[in-house]
Amino acid sequence: MPIDLHPADPLIDALVADLHPVQPRRWTREVALVAGLVFAEILIYAALRGLRPDMPQAMQSPMFWWKTLTMGSIASLAMAAALLSLDPAITRAPRLAWLWRGLALVVPLALASGWLIDAGASGAAALLARLDWRDGLDCLANVLLLSLAPLLVLARFVKHGASTRPERSALAAGLAAAGLGAFVFAFHCNHDDPLYVTIWYGGAVLGIAGMARLLLPRLLRW
Amino acid sequence: MNDAADLDPHGWGRMMAAAQAGEAAPYRRLLAELRPWLLRYFRRRLPPSSVEDAVQDTLLAIHAKRHTWDPSRPFGPWLAGIARYKWVDRLRAAGRHAADELPETLSTPDHEAAVTSAAALTGLLLNLKPAQAEVIRLVKLDGLSIEEAAARTGQSPALVKVNIHRGLGRLAQIIESHPDAD
């Protein structure tokens, strides 16, 4: 004998009427999608502008690996933080707090490490020459361009998720997208000078992350 | 699955999993059981005039974000995360409407509510400047008008509004940046 325990509530009625099956969100699927996108970008960019001409030698050079790994780790850490933060049960969990702290420590250190390696080694004129601003601006523009697709995809994921710290999720998504853009560009760019990488790659990454932090949160309210 | 009942004492996880699959009956039951839980949650944490809005907001959020609950994980922390987010949201909103006074009908609905009313919020007021905490208590919890609170405290009515606004904004900030201080 069914007994109606719950008096009618118009809001609950409306929500039940609106119920349709949903697919629980899976971060593994999201990571796979972004990885596929980055792989496609590498291929497309290599087809359009080519890999760096000295690729075989570059692969022997520690600086090339330092550059790609730095950008790759910033991207991976930031993406992990962004995607994990989309579950309200995890957003505030202590282990995620450690990831935020790790990110706050690793990003500036990784970016500054180029400077720390040897910026002091040469005079001002040589420094300017090393910064090669024409290539540098090209680098900025390209990293920005290559970050756009990952940023769109990540912003969609963040919007679809339920971050209870929207500003942080936005910043992490921006950082991840920028790191991915820089990672892709690193296969084309033939500058391995750590100072150059710190200034131009670092500038691009921080700029894009900052923009995401400013622009995304208003789209993420829920 | 011996410990299934421990992890999901109300069966809410089971009901939500069914709701994700589109089953209306368990979903209705879940929402009907969440409503009083949320009422209790927000009564302890919000001025009485904000409680009903917070409950409805949270039910809407649970509905809109139901795909973000991972059925392999416990339901409680997910629910608590959303409720807390809406709590912060509501405190900010209450600050924006600093001058709204308590509607007659909402002041002290019953004895139990009156005793536990905003107990957690009252405790949190200790983190604010005394001038802010006092006017929030007078206007938002005791139901005085802005003018009455101004007369009682010696602050000008404009300052009372500013202090309510800033104080509630500051509280929202404190709660948001504290890792799980309820």
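Let's start where the two chains meet: between chain B and chain A there are two salt bridges, a salt bridge being a side-chain nitrogen of Lys or Arg within 4 Å of a carboxyl oxygen of Asp or Glu. On the side of chain B that touches chain A, helix H2 (12-20), helix H3 (24-45), helix H4 (48-64), helix H5 (75-96) and helix H10 (157-177) of chain B each supply at least two residues. Helices here are DSSP runs (H or I, at least four residues), numbered from the N terminus.

Before going on, a word about what you're looking at: this is a predicted model, where local features need pLDDT of at least 70 and side-chain atom pairs count only at pLDDT 80 or more, while totals for chains, interfaces and linings use all residues. Residues are numbered from 1 along each chain as its sequence is written, chains are lettered from A and ligands numbered from 1 in the order in which they are written, and side-chain values use heavy atoms, with hydrogens and water left out.

Back to the interface. Asp9(A) pairs with Arg35(B) in a salt bridge, and their closest N and O atoms are 2.4 Å apart. In terms of contact (heavy atoms within 4.5 Å), 40 residues of chain B meet 34 residues of chain A. Together the two chains bury about 3,200 Å², with 61% of that on carbon and sulfur atoms; buried area is the accessible area (1.4 Å probe) that two parts lose on being put together, summed over both. There are also 11 residue pairs in polar contact across the interface, both residues at pLDDT 80 or more. A polar contact is a pair of N or O atoms within 3.5 Å; within protein, one must be able to donate a hydrogen and the other to accept it, and residues adjacent in sequence count only if both atoms are side-chain atoms.

Now step inside chain A. Lys67(A) sits in helix H4 (residues 62-84) of chain A, and it counts as buried because its relative accessibility is 1%. Buried means under 20% relative accessible area, exposed over 50%, and partly exposed in between (1.4 Å probe, protein chains only). Leaving aside residues up to four places away in sequence, Lys67(A) touches several others, including Arg52(A), Cys189(A), His191(A) and Tyr201(A). Its side chain also meets that of Asp192(A) in a salt bridge (3.5 Å, N to O). That pair links distant parts of the chain, 125 residues apart, with Asp192(A) in the loop between helix H8 (166-185) and helix H9 (194-215) of chain A. Asp192(A) is buried too, at 15% relative accessibility. Both belong to a network of salt bridges that also takes in Arg52(A) and Asp54(A).

Elsewhere in chain A, Arg221(A) and Glu167(A) form a salt bridge, with 3.0 Å between the closest N and O atoms. Since Arg221(A) lies in the segment after helix H10 (217-220) of chain A and Glu167(A) in helix H8 of chain A, the pair ties together parts that are 54 residues apart in sequence. Arg221(A) is partly exposed, at 44% relative accessible area, and Glu167(A) is partly exposed at 22%.

Over all chains, the whole structure has 14 salt bridges.
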